Amino acid sequence: MPKKFLVIEDIDKPLLGSVVARALEMKRTKQRSDLLAGRNIALVFEKHSTRTRVSFEIAVRQLGGGVVYMTQHDSQLGRDEPVEDTIRVLSRYVDGVVMRTFEHSKLERMWKLSSIPIINALSDDYHPCQVMGDIMTMVEYGPKLADAKIAWIGDGNNVAHSWIEAASCFPFELALACPEGYDPKPEIVRQAMNQGARITLTRDPAEALARANYVYTDVWASMGQEDQAQDRMAVFRPYQVDAAAMALAAPGAKFMHCLPAHQGEEVTTEVFESEASIVWDEAENRLHIQKAILEWVYGDLDYSKYCLA
């Protein structure tokens with residue numbers, strides 16, 4: 001069976017730290033390879049993208065592969081061709097699919113009929129590549145993951161879901177402050193906590209921020225939610241990350257954001273442009289973690305050599 005990376009747990013838990021450690025080595029050594037030589041990867045994007053598209057294109061090319069970029073505007077997906085039909089055709093043309101889509105169920109439906117690997121570049125429920133890159137960034141800055149606390153402030157969205165899932169795979173503490181009606185899906189929280197994740201849910205940002213080494217937020221209205229923007233702005237205003245919020249976190253706390261950011265909304269410019277902000281390191285690390293994920297998908301690496309300190 002080809003491998004899939006639709007959610008973080010698709011990589012065996014004992015290997016997740018090794019994949020992060022491998023990404024750190026690839027970044028440090030600026031390593032390229034011919035792992036994907038002769039292989040072509042289809043980037044199927046139903047949502048606009050800057051970081052995800054460019055980082056995956058460069059990742060594939062730095063591993064020696066070729067890229068075919070498709071959107072719903074220039075393919076039959078925009079004319080309601082079922083994804084089941086699309087993947088059965090792509091399976092005969094290319095060697096893998098990286099998909100950025102809306103309904104997570106599309107990825108699952110494609111996987112059932114696929115004979116090639118599929119990687120989730122974002123869905124409405126999960127954003128696993130983003131969070132894996134964020135964890136890589138945390139390892140670079142410290143403290144050790146077992147001693148780290150992340151405060152998620154805002155919408156319990158797809159990025160939050162991947163953080164919750166990651167909390168069951170890595171030893172950090174996660175506190176989420178979300179307004180009423182915007183909580184993460186309870187089944188995702190429940191599954192992570194049943195697997196030992198250290199998760200706190202609260203309405204109070206101050207409670208989540210206490211002792212936090214990392215303060216994370218996201219836009220108040222994501223792609224596809226533009227019609228809700230005004231209503232969401234009123235709800236989320238008390239959840240803005242400003243200097244006062246950062247002061248409630250642990251000394252030296254870092255600010256994180258998956259980007260793009262709406263300065264003046266979920267985060268003030270003062271915080272976003274401050275020395276505490278590590279958003280550009282996060283963005284860069286998308287390239288390196290995705291190379292490591294691609295290597296896990298297509299390679300046969302001895303991961304016993306790679307571990308997080």
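The largest cavity holds about 30 Å³ of space. A cavity here is a set of points on a 1 Å grid over the protein atoms alone where a 1.4 Å probe fits but cannot get out; points are joined across faces, edges and corners, and a volume is the space filled by probe spheres set on them. This is a predicted model, with pLDDT of at least 70 needed for local features and 80 or more for side-chain atom pairs, while totals for chains, interfaces and linings use all residues. Numbering runs from 1 along each chain as its sequence is written, and side-chain values use heavy atoms, without hydrogens and water.

Lining residues (an atom within 4 Å of a point) of this cavity include Arg51, His257, Glu282 and Arg286. Around the second largest pocket (an open set with protein on both sides within 12 Å along at least five of seven lines), Val139, Leu145, Pro171, Leu308 and Ala309 lie nearest the centre.

| Space | Volume | Top contributor to lining |
|---|---|---|
| Largest cavity | about 30 Å³ | helix α12 (residues 279-298), 4 residues |
| Second largest pocket | about 200 Å³ | helix α1 (residues 13-29), 3 residues |

Helices are DSSP runs (H or I, at least four residues), numbered from the N terminus.

Now for the packed part.

How values were computed. Helices (H or I, at least four residues) and strands (E, at least two) are DSSP runs, numbered from the N terminus.
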